[in-house]
Amino acid sequence: MSSQTEDTELKAVGLELMFLTPEKYSNTNGITAVELAKLVCLPVETVKKKLNILKDKNIVRVKGINPKFWLFDEYNFQRLDDDDEIFHLLCNFDDVDFEKYFTY
């Protein structure tokens with residue numbers, strides 16, 4: 001994944017989950033794809049596809065069946081290979097506005 005083909009939607013979903021706080025979701029098990037789609041302003045189907053990509057990399061965990069609740073897995077994220085494309089995508093903070101995730 002070069003900088004020209006960077007998946008901005010995947011990055012938005014991944015970073016939102018990475019910096020997610022319990023105040024942003026309604027259930028203690030995590031956040032639903034619908035809630036996440038509202039936070040990142042993307043269609044629900046797009047968010048579901050991006051969540052499945054992250055799930056395949058074991059970066060997010062899912063609980064439940066209907067609805068599914070999603071949580072970021074910090075431990076597995078840190079264990080990703082340094083050369084992994086998704087690791088580089090989520091660690092590239094050059095264009096990230098942290099005020100979106102934190103209040104100072």
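Buried means under 20% relative accessible area, exposed over 50%, and partly exposed in between, with a 1.4 Å probe and protein chains only. This is a predicted model, where local features need pLDDT of at least 70, side-chain atom pairs count only at pLDDT 80 or more, and totals for chains, interfaces and linings use all residues. Residues are numbered from 1 along each chain as its sequence is written, and side-chain values use heavy atoms, with hydrogens and water left out.

**Exercise 1.** Work out what share of the protein is buried, and check its radius of gyration.

*Solution.* Start with burial: 40% of the 104 residues count as buried. Next, take the radius of gyration over C-alpha atoms; the globule rule is 2.2 Å times the number of residues to the power 0.38. For 104 residues that rule puts a compact globule near 13 Å, and the protein has 13 Å, so the two agree.

**Exercise 2.** List the elements in order from the N terminus.

*Solution.* Helices (H or I, at least four residues) and strands (E, at least two) are DSSP runs, numbered from the N terminus. You'll find five helices and two strands, and they run α-α-α-β-β-α-α.

**Exercise 3.** Describe how H1 and H2 pack.

*Solution.* First, find H1 at residues 8-18 and H2 at residues 33-40. Their axes, lines fitted to C-alpha atoms over the stretch in contact, lie 10 Å apart at an angle of about 110°. Angles of 65 to 115 degrees count as roughly perpendicular, so that's what H1 and H2 are. Now look for contacts (heavy atoms within 4.5 Å): Ala-12, Val-13, Glu-16 and Leu-17 of H1 meet Leu-36, Leu-39 and Val-40 of H2.

Technical notes:
Axes fitted to C-alpha atoms, helices over the stretch in contact; angles between N-to-C directions. Parallel < 35°, antiparallel > 145°, perpendicular 65-115°, else oblique.
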